[in-house]
Protein chains: 2
Amino acid sequence: MADLAKMAGVSKITISRALSDSPLVNRETRERLQALAQEAGYKLNVSARNLRLRRSHTVAVIVEMKPSHDRTMLDPYPLVLLGGISQELTAHGYSVLLTTRQGATAAAVQAADGLILLGQGSRQDAVRRFDKLGLPMVVWGAPGDEHVVVGSDNRQGGRVVAEHFVSLGRRNPVFVGNPNHPEIFERLTGFVDALAAHGIKPLLIRRDEFTLASGGDAMHSLMDRAVPFDAVFACSDLLAMGAIRALNKLGRTVPGDVSVVGYDDMPLAASFLPPLSSVRQDWQEGGTLLARKVLAMINDQQEQSETLPVELVVRET
Amino acid sequence: MADLAKMAGVSKITISRALSDSPLVNRETRERLQALAQEAGYKLNVSARNLRLRRSHTVAVIVEMKPSHDRTMLDPYPLVLLGGISQELTAHGYSVLLTTRQGATAAAVQAADGLILLGQGSRQDAVRRFDKLGLPMVVWGAPGDEHVVVGSDNRQGGRVVAEHFVSLGRRNPVFVGNPNHPEIFERLTGFVDALAAHGIKPLLIRRDEFTLASGGDAMHSLMDRAVPFDAVFACSDLLAMGAIRALNKLGRTVPGDVSVVGYDDMPLAASFLPPLSSVRQDWQEGGTLLARKVLAMINDQQEQSETLPVELVVRET
């Protein structure tokens, strides 16, 4: 459609309108553009087209995985991200179909007017799969592919924690998380780059889960290997809390011996003992933005990816 | 169907299966029960029947109203209620269609396997309207009609606050909220009954909104009328917080001059200054129960209404 717009010297929106017989394009132009499309062999994605014409006023929100008793539905994202999305969509008269990737084969998803994908997964397969539906789609995560992505500035998140550790005189920091996850890869990159400027190379402890148990486990593994470390950057608040509890058990004080910073600044972080330092993401705003962008795209507007700033909240750890 | 089951001396499930040609009922019995149904003039709700046979693996969650910038989508319920519902449904392979009552005319809702209605509204019209769809339905709210209702023990909530005020020596309590709302009517009833046992009659200040502004406004109206009062039971934490701020401005101390108790024990309540006393409802558990009951009903099991206990959390106000 973009090529066609260039060829005809009109906007993509005009092409889209002309091909859908919209009265917003005058008849003459409409017929000229339709003829051009046919000549150029432009193949309309008919099923996507039909679906878009038959508005269901529903946006599907697809979460990465089926939840279990150990993992919440939205993990690692908090409920408030869904709250921001739902509030904005329902305020505009849209229903929200919340489903998992496994559930997303259902006819209901294909009948949605648009998709919001929460998380890109460790590989991009899932994103591509949904892309094939030809629906307006916005992804929460890290920028870097051809999709419209809304996400926090994870690189900045990594950088501010690195600067914080350096300012405290820490020289042996550890990063806990799984960089196969695109957002966590960004945090690690920011962290490593900022530390490199001070001649410091952090240690990476790869952990898939975002749980208390996993954070504790990471500390035990470090202590078992007798690796020297004086700071821990954990990729979730639960990981950080688990790390602190384990360090205390192992006879190391926080923040005396080891500084710890978590991620997300969940409500529990401030009331944790000791109150947890953490990188705050604005989830409500993120959810609102995802919804606004998908609604704009449903209305044939072009949207760009957008990155939200993060903030280090320094508490006692 | 219940009458038919009695007539035939079999269970309701067997009737249901026989009428849907389920192989779980042997052919002879099936034909006998189908003939009986026809004789008895049993009228199958065909469209509901069809919808139920064509499983969409979707449960629609219907919230009371379209949100605005002033009112959140779930108001007066918190996001965690939706979290409990969604977690349980997605864990069982179901998608969740979140919609408002206005949006609930959409075909998608009618294709759902079951409905969860959040709130009964001030009249029961809405509940009856959805009842007509013939789908398994569970309602969050106050018990009292023929539907399966899950809710907190609002009457107990009113009672414990009354007892608390009496134990503090308060003699002139005020109730802030709108008893047209069935759950709030229950709270008021519990409050009034428990106070009556001590010869105390509370004052009712009717307020529709659950906002800070509305709580402040209620206090101004009391002070303007020079009504004596020494305790405020507000039907939401925001109402209570607004009341406290207004009382302070008007030169009355909390809890010195006036005791204040809110409702819901939202996360903010504990970190409010002064920390707010509030009646806690277990929203996560409530959401899980709603989901479990609707799933059981989708699988042709009978379910009963259920009331969850509440707890007064006494903090500084």
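**Close-up views of a predicted two-chain model**

View 1. Residues are numbered from 1 along each chain as its sequence is written, chains are lettered from A and ligands numbered from 1 in the order in which they are written, and side-chain values use heavy atoms, with hydrogens and water left out.

**View 2. Tyr77(A) and Trp140(A) form an edge-to-face aromatic pair**. Their ring centres are 6.5 Å apart and the planes make 80 degrees (rings of Phe, Tyr and Trp, the latter by its six-membered ring, pair with centres within 6.5 Å; planes under 30 degrees apart are stacked, over 60 edge-to-face, the rest tilted). Both Tyr77(A) and Trp140(A) are buried. Phe175(B) and Phe233(B) are likewise edge-to-face, at 5.4 Å centre to centre and 90 degrees between the planes.

**View 3. Arg187(A) lies over the face of Tyr263(A)**. The distance to the ring centre is 3.5 Å (a charge sits over a ring if NZ of Lys or CZ of Arg is within 6 Å of the ring centre and within 35 degrees of the ring normal). Tyr263(A) also belongs to a cluster linked by ring pairs, with Phe165(A), Phe175(A), Phe191(A) and Phe233(A). In chain B, the charged end of Arg252(B) sits over the ring of Phe229(B), 4.9 Å from its centre.

Conventions:
This is a predicted model: local features need pLDDT of at least 70, side-chain atom pairs count only at pLDDT 80 or more; totals for chains, interfaces and linings use all residues. Buried means under 20% relative accessible area, exposed over 50%, partly exposed in between (1.4 Å probe, protein chains only).
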